[in-house]
Amino acid sequence: MSGICGWMDASTGQDEARSVLERMVSATGAATDPGGQEAVLPGCALAVYRGRVPVGLHRNGAVLAAVQGHVQWTSNDLATLAASQGMGAAAAAAYARHGVECLQEMRGPFALAIADARTQTTLLAVDRMGIRTLCYATSGERLVFGNTADCVIAHPAVQSKLSEQAIFNYLYCHMVPSPGAIYEGVEKLLPGERLVWRRGGVEKKFYWRLEYHDHAAASVSALEQRFHGVLRESIGRAADGLDGGRVGAFLSGGTDSSTVAGILTEVCGRPVDTYSIGFAAEGFDEMGYARIAARHFGTRAHEYYVTPQDVVDAVPLIASSYDEPFGNDSAVPTYYCAKLAKEDGVNIMLAGDGGDEIFGGNARYVQQKVFEYYGLIPKPLRSGLIEPALSAIPGGAAVLPVRKLRSYIKQANIPLPDRLESYNFLHRMPLSEIFEPDFLVRLDPEHPLQIIREAYNRTASASIINRMLHLDLKQTLADNDLRKVSRMCERAGVEVRYPLIDEALVQFAAELPPSLKVKGLKLRYFFKHALRDFLPREIIAKSKHGFGLPFGLWVNTHAPLADMAQASLEAFQRRGYMKRSYIDRLLAEHRSTHATYFGKMIWAIMMLEQWLAARGL
């Protein structure tokens, strides 16, 4: 993997700086990389370590500039400088010209660190979509930073104490949502956010915000015509600059991956390699749709069926690959898909992630619209007639239609975005029945919801659809799916690019009115309508499925997987966070009721324990 790291700290001598940099780089697993660079000035130090994603480091007098990613420069002279002297040189020149406002010259996926030893100023930033990451820790006159939390805590001045709040947040979200991190005192930058550190003072702000349009400014036909051009340009940019490398594409058979594979074939002017994962489990295998897309676009299709034993083999690898506990079980098929491509000689993969979050493809968008309809009924009628009448029906809890209607009204009365978490595992019963009292008393149980509310309410739109889309760009995409795919591709040895969250395409999608994204109860209406003559009819008509793992089913049938899950949950219970009665109840409900649903929480707890054990914690 590649990345950047460093610090601003006048108390760290130059003699010890290089050994500290070596220690930080070593924490990333890149210690043996011969292509890394480092630079040390009085009071500051920067290093870059090389992998599949490009990095650049440059010194311009008292200024050190480090960049990771694929930067698209808005000024021609900066683009020329980057091509001749590297991204670091262009970043240093942009900083000399604009100061901390230099970020307006940069587009595309990047992480940036600029240290100005003369003014004791450091600028940190990540790209607008959060494709690249940066963590940091501040203490008095010191700032330490790096792409991963492991890198930051490797600095001798930063503690490596686990955050109990982050453990709770992980169990709530199945990942550690930004801006928090798994270690106390360490934080993560949000998408489109910058940090300016000046002599111990910290200023954080968003240098970019996505502006949504709630109403149409052009005809549908004009929007569709423009969409086709922007989409092809975005995928063309992702396929550009291969430098002799071989490109492939993930192909799940959904609308996003099929679109990327199809247009990539057009851009390349030849059949491209596509890679698909299947499961021998009813209700999970979508290989049939992947084959339809491969035949339709004439790709060279490659397939692999993940087995339960593959999951057993992958769990320790996944646990050791992430700098924080990560509980998305589709990391398993993502890894095996990227591994298949790497073994086939591909070193760059295009992924279809992000389409649902910009064009309105997640089922909850329709579900929440339905709940919002209840709020259109006058409040006196709701609270004075409908709800009392339903509550008064004798034995109503045993009558299915009445029970469902009561559940609908109960959820509809919860305001957004809190309602999105109605089915969260930690809302199924009182927290006092899940967690040990000594752990629970040290927590803020509202903290995960506060993070969700902040992103939802920060949206520049009055539409609940746009607000949910904006929340998902942060929580579902940047905190979850991008971390999943990027880290698993790194582990497999390939670079991944995300053409559907190219900034031009994201900004175009934001201009679409919400009524075209979710039209009535139809998800992704505009996207599917615009591509109706391009995508296979079966893929246009298919319902949303995802890339989920049949872990909940397999843990009941594959003894080694069951043993791993059982041992992990028992080990985690001994740590004093969760009650034994809750673990027993979770396992019992998994065996007796909905194995897939309860399997999600079992997986999340198992991966937390595996992550802790992998670090000897």
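1. Let's start with the rings: Phe168, Tyr172, Phe435, Phe439, Phe572 and Tyr577 make up one aromatic cluster. Here, rings of Phe, Tyr and Trp (its six-membered ring) count as a pair if their centres lie within 6.5 Å; planes under 30 degrees apart are called stacked, over 60 edge-to-face, and the rest tilted.

2. Before going on, some housekeeping. This is a predicted model, where local features need pLDDT of at least 70 and side-chain atom pairs count only at pLDDT 80 or more, while totals for chains, interfaces and linings use all residues. Residues are numbered from 1 along each chain as its sequence is written, and side-chain values use heavy atoms, with hydrogens and water left out.

3. How many aromatic pairs does a search of the whole structure find? The search turns up 23. One of them is Phe371 with Tyr408, which is stacked, at 5.4 Å centre to centre and 25 degrees between the planes. That pair links distant parts of the chain: Phe371 belongs to helix H12 (residues 363-374) and Tyr408 to helix H14 (residues 400-412), 37 residues apart. Helices here are DSSP runs (H or I, at least four residues), as are strands (E, at least two), numbered from the N terminus. Phe371 has a relative accessible area of 12%, so it's buried (under 20%; exposed is over 50%, partly exposed in between, with a 1.4 Å probe and protein chains only).

4. Next, Phe508 and Phe526: their ring centres are 6.0 Å apart and their planes at 50 degrees, so this pair is tilted. It also links distant parts of the chain, from Phe508 in helix H18 (residues 503-511) to Phe526 in helix H20 (residues 525-530), 18 residues apart. Both Phe508 and Phe526 are buried.

5. Two arginines are worth a look. Arg232 has its charged end over the ring of Phe534, 5.4 Å from the centre, and Arg382 lies over the face of Tyr374, 5.6 Å from the ring centre. To sit over a ring, NZ of Lys or CZ of Arg must be within 6 Å of the ring centre and within 35 degrees of the ring normal.

6. Now Thr299, in the loop between helix H8 (287-297) and strand E17 (300-306). Is Thr299 buried or exposed? At a relative accessible area of 12%, Thr299 is buried. Its side chain makes a polar contact with the side chain of Thr274 at 2.9 Å (a pair of N or O atoms within 3.5 Å; within protein, one must be able to donate a hydrogen and the other to accept it, and residues adjacent in sequence count only if both atoms are side-chain atoms).
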